[in-house]
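Here are my notes on the model, point by point. Please read them with the structure open.

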Amino acid sequence: MTDLPQFHAAKWDEPVVMEMGRPGGRGQHFPAPEAEVSEAVGADLIPAAMARKDRPELPEITEFEAQRHYLHLSQMTLGMMGISLFGTCTMKYNSKTAEFATLRPELAEVHPYQHPETLQGVLEIMHDFDGILRSLSGMDQFVFQAGGGANAAYTMACVARAYWQDRGKLGERTEMVTSIQAHPCNPATAAAAGFKVVNLPLEENGYPSLDALKAAVSERTALIMLNNPDDMGIYNPEIKEWVKAAKEVGALCFYDHANFNGVMGKLSARELGFDACMFMLHKTFGAPKAGGGPAVGAFGCSDELAPYLPTPVVVKSGDGYALDDDRPKSMGKIREFWGNVPQVVKAYAWARAMGAEGIDLASDISVVANNYMDKRLSEIEGLARSNPGVSAHRMEMTRWSLEPIAQETGVGTVDFANRMADYGIDPWWMSHEPWIVAEPFTPEAGELWSKEDIDMWIDVVAKICEEARSDPEMVKTAPHNQAIAQVKGDAFEDPSKWAMTWRAWKRKSGEADTARGAA
Amino acid sequence: MKRPLKIGLIVNPNAGLGGAVGLKGTDGPDIVAQALARGAVAQAGPRVRRAMARLAARVPGAALVTVPGALGAEWVEGLDLATEVRALPQVTGTARDTWQAVMAMADCDLIVFGGGDGTARDVAGRVPSGTGILGVPCGVKMHSGVFAISPEAAGALLADLLEGQGPVDWDDAAEVMDIDEDALRAGRIAPRLYEQARTPKAGSRIQASKGGPRKDWGAELMGAAAEVVQQMEEGTVYVIGPGTSAGAVMRAAGHAPTVLGTDAMLNGAVVARDATARQLEDVSAGHPVKIVLGVTGQQGFLLGRGNQQIGPALIRRAGRGGLIVLGTEDKIAALAQPRLWVDTGDPDLDAEISGFVRVRTGYRREMMMRIAAS
């Protein structure tokens, strides 16, 4: 076994930044402008209507103190640079080269309200990246407006709604059919768009049966939304028949490519018969993630659905590029403007750096790495692979269960996740709901991590299995080597307790300006 | 400060005896004797001790009420717990011991028992209303929703409760199920809902990183039930089968369900309560019929287990299209196989209703499930 890290996080007991400093503390002291300068520019540079009347409530600390404080805070996190085999998320390194490209003034200092003539470079990248995604999917047009995967799924639901409305059949086409192991955003967004949700359970093969699909679809079906492979990591080889069965009743077919990593370069959604698909640039294409923040769900569809896309669409126009807003059948907007453009640029940089062969190879590596993990995990007593009767190799991830060791020791998947952090390893991803496998965890190695990293991760899991047997209480009370121990979750379910801003904290805690404690 | 939770402990020392020697259960003294003759070794006591050892390690000196000997006290001896032992009038070696012990603990807030489904029935049937029960899994059959996943998990849950550590959720309608052992030995699974009990559940402790808050399954069920009520047709008789899930339809319509029996509704009103097969035939005569059903936990029985009052004639009139099935996604996910089973007593009818049915899992949310003949 590898030597496991002897790790302990830093623990700084200091107040939140709003409580730090002293009156008059400041970052920099700027000299007053010389008389000639004041005279030249005038005294009232800020129009009276725009000038604030009161002083902003900011901490009065020095630049040095601010940096020290945030360094301390960063030391109390795992830093997102550790070994994080976080399944269903396809964790990838976000290259500094791509980051640097987005900091260039040609991108950082432009605004979507500028005239498109002055935005040709950015539009060219959007257009060319659209072309790259077309070649990976066979679709005819991509848009980047959606701020994440769920947002792209919602785009599909809205496009389907516009499509059926245009045909005068929205009143009849009221249902969306999906699998219980498709990403939960598929049923959620379809429901938000007004569709009734019909789920299919997994059957003996580890994916839903074609019979169940055929029983579910009818002239009431507006669309089907699927992942393949889903989170069990099993590829559904009947997918063409699935699409055919849906098409026979006239339903639209959407391929949620959240789990694209294991099949990228290997298949085309369009060739399988799908009408539309979605890629997550913040996972598969190496751009950074952020919880509900600057992510991108790239949504692509066939020419038949393209009139219903959200606007604007980036199009080639003569020698240049333009924004096409004149699309009368469009479903409207999913978000404002064109999407999180820096993310598109980073994904474009990733795709250009990888090339078609590199993308193909990366998917091979991700599948090999996962099957290596499967083999080693299966040698640890107390773990059980889901669908043990299915002999097909898993794709880029596999759903596992701690049920045997949980039965034996009472130590479950949440306890394991907490304990992993004690070794400086990011807690694992368990499962989307509902948990159809008891005490689940879902590792995904991807193409990033070395064999040494993957071995380290597995060794930590094996070590925690030993600890669960020898000292279950220690595992159940983990983490012990972190800045904070277990967090009581109740506050997250009570809006009167949580606070995202200092102002909200003061209001909700009923404290005056002298409030102490963390928000 | 709130009064600390008062915990009682009862062990059924015979629980689980039948399992290791292939007897499928240990209900009744004859089977106990048979199991012992086959060389079975009692497991319940040592398993309860594992649970209590975990409690003592987490909360040293925790207070516990129990009864003498193998029914409780023997298994906590030497552990760091403040045990109060209450005498029993007479020890018989039968279920009567459990009943007496429950009565001796009438002042407890939570009764922890070591046993299986049979013990769960004995305890749940006699606890005062409002008293919780929690099973340390020791039996052969454990289909009831009142068991912790392991002895250690039971101990940890008790420690969480005593320390006021969250999150612990209380379920006021956990289903206490049991299977007819004679039928099981004959190769038939016949689960039945006997009681509803209050039980603590280990809360999620899920990180909110990506999963978000856990679903409120009770709310999902009420959403599904409300939709059924919205869609009810004038002039159609709705037969409401036993169980919490089917009963939710009665609740959504503003009625209290029988839960352990079958009710019927017509035009929004209750026209039969805890009805027999004959009464159901009578109230539905001359009307179209739809049958509202839940699914038995783990086995997935739809018809023919615990709802025999819904007879073949009635089922045939409703047809597969007239079955309205409710079950939340967590319950469907927990089924041993992705199937719903029917055993109406009429093989032709079983074949007719085999096929796919849409289980209502929430408001405007359904799951396609395959019905098969058992």
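This is a predicted model: local features need pLDDT of at least 70, side-chain atom pairs count only at pLDDT 80 or more; totals for chains, interfaces and linings use all residues.

1. Start with the helix pair in chain B. Helix H4 (residues 95–104) of chain B packs against helix H5 (residues 117–124) of chain B at an angle of about 40°. Their axes lie 9 Å apart. Angles under 35 degrees would count as roughly parallel, and 65 to 115 as roughly perpendicular. H4(B) and H5(B) are therefore oblique to each other. Their crossing is right-handed.

2. Now the residues at that contact. H4(B) contributes B:Ala95, B:Thr98, B:Trp99 and B:Val102. H5(B) contributes B:Thr119, B:Asp122 and B:Val123. By class, the contact of H4(B) with H5(B) has four nonpolar residues, two polar and one charged.

3. Next, strand S11 (residues 289–293) of chain B. Four of its five residues are buried, so S11(B) is largely enclosed by the rest of the structure.

4. S11(B) has these pairings. Strand S8 (residues 237–240) of chain B runs parallel to S11(B), joined by four bridges. In that pairing, B:Tyr238 is bridged to B:Lys290. Strand S13 (residues 323–326) of chain B also pairs with S11(B) in the parallel sense, over three bridges. There, B:Leu293 has B:Val325 as its bridge partner.

5. Finally, chain A. Three strands form an open antiparallel sheet in the order S10-S11-S12. Strands S10 (384–385) and S12 (440–441) of chain A are the edges, each pairing on one side only. S10(A) is joined to strand S11 (residues 400–401) of chain A by two bridges. A:Arg385 is bridged to A:Trp400 in S11(A).

Notes. Residues are numbered from 1 along each chain as its sequence is written. Chains are lettered from A and ligands numbered from 1 in the order in which they are written. Side-chain values use heavy atoms; hydrogens and water are left out. Axes are lines fitted to C-alpha atoms, for helices over the stretch in contact, and angles run from 0 to 180 degrees between N-to-C directions. Angles under 35 degrees count as roughly parallel, over 145 as roughly antiparallel, 65 to 115 as roughly perpendicular and the rest as oblique. A crossing is left-handed if the near helix is turned anticlockwise from the far one by less than a right angle, and right-handed if clockwise. Contact means heavy atoms within 4.5 Å. Ala, Val, Leu, Ile, Met, Phe, Trp, Tyr, Cys and Pro count as nonpolar, Asp, Glu, Lys and Arg as charged, and the others, Gly among them, as polar. Two strands pair if DSSP finds at least two bridges between them. Buried means under 20% relative accessible area, exposed over 50%, partly exposed in between (1.4 Å probe, protein chains only).
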